[in-house]
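Biologist: Please take me through this structure feature by feature, giving the general idea before each case. I would like to begin with the aromatic rings.

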Amino acid sequence: MKEITLKLNGEIKRLTNKTFKFDERIKEGWFSAVYFLKTKKIVEEKIPDNHVTMQFFQKENAVLCGTDEAIALVHTFADNPQDIEIHSLKDGDKIEPFETVLTISGRYQDFGYLEGIIDGILARRTSVATNVYNVVKAAKSSGKQKPVIFMGDRDDHYTTQAGDGYAACIGGSTAQATQAMNEWWGKEGMGTMPHALIQMFRGDVVAATKAYHEIYPNDEIAALVDYNNDVITDSLRVAREFGDKLASVRLDTSRTLVDKYFLRNHHLMGSFDPRGVNPELIFALRKALDDEGYNHVKIMVSGGFNEKRILEFESKNVPVDMYGVGRSLLNLNIGFTGDNVLLNGEPEAKQGRRYRPNPRLERVEYLNFNE
């Protein structure tokens, strides 16, 4: 059973390294800035009895993510983790600028070298969770929540997928593209066909969709319809072939192309940007499907969508049912800082920083999962 299931059932409070599967080289300092390692050695030899409190914050309104991972990191790799006191908010909490989200107290040499790694965990996970939250919120701005599919597999290194998928779920994404993105959740990746499948059927969308359905008969039929840059024609061809079985069509038109529908209807041009997946194309597609009785067929759009673009579509009540979003969700625009703010229980921090107690923080229990 996945740890996330135990957590959702209330059997455990935090995910552990059983989920995160950290690289063992963390213990050797392989991923820590060298000055942290040098400081650890100096403190061990010169001032080993100091007790410090390290405090973490960032500077935006955000959706916090990465606390379970950061805590598991400390519990897995710190020296004497049973003696370290941790207070933390939870993944999914809404946070404000400069709000303390995590404090770690103990002997510096036991955990201080993990500071940069913790900053990085919190920065990436919170950035992705916040980006997804804002996109999901945008996709509800017209009054109805439209599902947002996380499609970031091609926009970053593959090793980031499990954590990014978890952060996307924390932010509100309803499905992820790969199995790895669902690893920490125990769900299945979602997706149907790429353009490559249609290419091997020489652009015949109906033939490609038939082949897909024959091999995966239990999957919903979702046809990719922009291969020939004629989405209305190909959507109707697929709809006529599959009828009630067709669940949805997906448009992924390049922003450099103008769909053939507009080339056939020059009189519609002139008052909008006709390139790529645009509102007028979706209105025309919806009308064409409805006119032939295919009201049940949903429309999914992808290709360069972000919060701003989704807000534009929703403000115009464009009849989109699902958004596929990738690259914009991976923009890392939130950075965390870890500061030592207390020394042996007394305020001691660099100029401009101070201890900021937060009553929302909860004491974290240490459980030894390393045995």
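Modeller: Rings of Phe, Tyr and Trp (its six-membered ring) pair if their centres lie within 6.5 Å, and planes under 30 degrees apart count as stacked, over 60 as edge-to-face and the rest as tilted. By this rule the structure holds 12 aromatic pairs. In one of them, the ring centres of tyrosine 261 and phenylalanine 262 lie 5.3 Å apart with planes at 70 degrees, so this pair is edge-to-face. Please keep in mind that this is a predicted model, in which local features need pLDDT of at least 70, side-chain atom pairs count only at pLDDT 80 or more, and totals for chains, interfaces and linings use all residues. Residues are numbered from 1 along each chain as its sequence is written, and side-chain values use heavy atoms, with hydrogens and water left out.

Biologist: Is phenylalanine 262 buried or exposed?

Modeller: Buried means under 20% relative accessible area, exposed over 50%, and partly exposed in between (1.4 Å probe, protein chains only). Phenylalanine 262 has 1% relative accessibility and therefore counts as buried. A further edge-to-face pair joins phenylalanine 305 to phenylalanine 313, with ring centres 5.2 Å apart and planes at 80 degrees; both partners are buried, phenylalanine 305 at 2% and phenylalanine 313 at 1%.

Biologist: Which charged end sits over the ring of phenylalanine 305?

Modeller: A charge sits over a ring if NZ of Lys or CZ of Arg is within 6 Å of the ring centre and within 35 degrees of the ring normal. Here the charged end of arginine 309 is placed over that ring, 3.9 Å from its centre. Elsewhere, ring pairs connect Phe20, Phe22, Phe77, Tyr166, Trp184 and Trp185 into a cluster.

Biologist: How many helices and strands does the chain have, and in what order do the strands of the open sheet run?

Modeller: Helices (H or I, at least four residues) and strands (E, at least two) are DSSP runs, numbered from the N terminus, and two strands pair if DSSP finds at least two bridges between them. The chain has 13 helices and 14 strands, and six strands make up an open sheet in the order β13-β12-β1-β5-β3-β14, with antiparallel pairing. Strands β13 (346-347) and β14 (362-364) stand at the edges with a single partner strand each, so one side of each lacks a neighbour in the sheet. Within the sheet, β1 (residues 51-57) and β12 (residues 337-343) run antiparallel and are joined by six bridges, with threonine 53 opposite leucine 342 in β12.
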